[in-house]
Amino acid sequence: MECSSISLSDSVLYTSWNYSGERYAAACNDGSIQIWSRRNESGDAPFSCTGQWKAHNGPVLKVVWAPPEFGDMVVSCSTDGCVTLWEEVAEGDGDDTWRLCSHLEQSRTTVLDVQFGNCLSGLKLVTAGADGHVKIYETTNTLELKHWQLQAEFSSVPALKEGTGKVSCTAASISWRPPVDSIQRPVFVLGYCSSSRQVGPAKVWEFAEAYQRWQLLAELAEPNEKLEPVHHVSWAPNVGRPYELIAVSSGRAVSIWRLEFSSDSQGRISVSRVAHLQDHNSEVWHFDWDMSGMTLATSGGDGNVRLWQASFGGQWQQQGIVASMRES
């Protein structure tokens, strides 16, 4: 099968594939969302735009698909301070028809990221605002996704917890702990990109059932480490490992952190950095784990994609590179 190229306009700010890889959503600078689909199921046909609509009054920064068990649904966030959920409606053989399922009013603050978490207590949404505030919405009725309630709101910035100072972040990245048997543990990692040192490193948050509140589990930084703005975070899938891995890109480097949760009820956690990858010649903007959580692909401003794996001794090494066309 030959690979086909996809040409998107310069107005596209973010794209997101659905679970099967047969469709993807594009977030646009004009406030619209586009849905692109394959023309047939053979996988050898090019993509075409099958849906487009106005979703926000400002640029759409992120658009994310819901877990596949909830059907074709996407959530989006924007500079207009709102989060909107859209579901596909089947109407004949024409193009997709998408309707507004829920509108979550945020504030005048830009919403930088939004991600679904399918936890045992119900489907959740976590949002990250440019002011450092985190909001978590939930719905316990997964058959009726129009009604969401604000479960929690807190600040990820220490100075704001004390009621002093203000910060402004330019980007945020959220990653839930991957699900086991389709259900996620209520734990996620969040990192901010900001020039303010108040924002701090990427942080791991967990919902404490005993106290019925979200609590900070860990900060992903070494003592006295000079902090760089966080561009991206990603929690690795876990296929039988007794520990967890989280990748964090900051500046021109990617750090891989090892987390070990205690088996007792005290919520203790052991955190250590097992790799600090610095081969990119510019900022590292994005990366993805493979399905096993054993290989990490990183991409940076140098236009290259690098593949990393850990040896039997636990040392992470570069295993391959896909060079940009301008360097080939």
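Two strands count as paired if DSSP finds at least two bridges between them. Strands themselves are DSSP runs (E, at least two residues) and helices are H or I runs of at least four residues, both numbered from the N terminus.

## What we're looking at

This is a predicted model, so local features need pLDDT of at least 70 and side-chain atom pairs count only at pLDDT 80 or more, while totals for chains, interfaces and linings use all residues. Residues are numbered from 1 along each chain as its sequence is written, and side-chain values use heavy atoms, with hydrogens and water left out.

The chain has one helix and 24 strands. Of its 328 residues, 49% are buried, where buried means under 20% relative accessible area, exposed means over 50%, and partly exposed is in between (1.4 Å probe, protein chains only). The accessible surface is about 16,800 Å², with 47% of that belonging to carbon and sulfur atoms; areas come from the Shrake-Rupley method with a 1.4 Å probe, and for residues only the protein chains shown count as cover. Among contacts (heavy atoms within 4.5 Å) with a separation of 6 or more, 43% involve residues 24 or more positions apart.

## Strand β13 and its partner

Strand β13 covers residues 171-176, and five of its six residues are buried, so the rest of the structure largely encloses this strand. It runs antiparallel to β14 (residues 187-193), and six bridges join the two.

## The β9 to β12 sheet

Here four strands make an open, antiparallel sheet in the order β9-β10-β11-β12. β9 (111-119) and β12 (149-155) sit at the edges with a single partner strand each, so one side of each has no neighbour in the sheet. From one strand to the next, the twist averages 20 degrees; the axes behind such angles are lines fitted to C-alpha atoms (for helices over the stretch in contact), with angles running from 0 to 180 degrees between N-to-C directions.

β11 (residues 133-139) pairs with β12 over six bridges, antiparallel again. Within that pairing, E138 stands opposite Q149.

## The β21 to β24 sheet

Four strands also form an open antiparallel sheet in the order β21-β22-β23-β24. Its edge strands, β21 (284-289) and β24 (316-322), each pair on one side only. The strand-to-strand twist averages 25 degrees. Five bridges link β22 (residues 295-300) to β23, with L296 opposite W308.

L307 also lies in β23 (residues 305-310) and is partly exposed, at 34% relative accessible area. Together with V305 and V322, L307 makes a nonpolar surface patch of about 210 Å².

Technical notes: Patch = residues over 30% accessible without salt bridge, like charges linked within 9 Å, V, L, I, M, F, W, Y side chains within 5 Å. Salt bridge = Lys/Arg side-chain N within 4 Å of Asp/Glu carboxyl O.
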